[in-house]
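Welcome! Please take a moment with the sequence and the 3D view, and then read on for a short tour.

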Amino acid sequence: MTIAHAQTNLDAFYGRLVVELRRLFREDPEYSYAASQTTPDVLAMKMTLGLDNGSASKDGKAVSATCKHFGIPHSYKAIRQFLSEV
């Protein structure tokens, strides 16, 4: 018997943030330093968890694009509320 894993909003936000960071690492020169220091997956995990606990900035292009993708306001309050929902 298998148990289906329900994707949480935190999982979904992380997944979309990875997509956005991969694009930015490839296309945006502003992200060249980050691309030389980490991977999109690692940075997305740090950012998602940091946004959830209030220790990360929401000001990057990837977070903005992720919020737009999910139709949520680009504010700490809206992001944290979205991340806390199942």
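Which residues of helix 1 are buried? They are N9, A12, F13, L17, V18, E20, L21, L24 and F25, where buried means under 20% relative accessible area with a 1.4 Å probe, protein chains only. This is a predicted model, in which local features need pLDDT of at least 70, side-chain atom pairs count only at pLDDT 80 or more, and totals for chains, interfaces and linings use all residues. Residues are numbered from 1 along each chain as its sequence is written, and side-chain values use heavy atoms, leaving out hydrogens and water.

**Helices**
- The protein has 5 helices and 0 strands, with helices being DSSP runs of H or I with at least four residues and strands runs of E with at least two, numbered from the N terminus.
- Helix 1 covers residues 9-27 and reaches 27 Å from its first C-alpha to its last, close to the 27 Å expected at 1.5 Å a residue; that expected span is 1.5 Å times one less than the number of residues.
- The buried residues of helix 1 pack against helix 2 (32-37), helix 3 (40-53), helix 4 (61-70) and helix 5 (76-84).

**Overall form**
- Along the principal axes, the C-alpha atoms fill a box of roughly 45 × 35 × 20 Å.
- Of the 86 residues of the protein, 34% count as buried.

**Contacts**
- Among contacts in the protein with a separation of 6 or more, 56% are accounted for by residues 24 or more positions apart, a contact being heavy atoms within 4.5 Å.

Conventions. Buried < 20%, exposed > 50% of the residue type's maximum accessible area, 1.4 Å probe, protein only.
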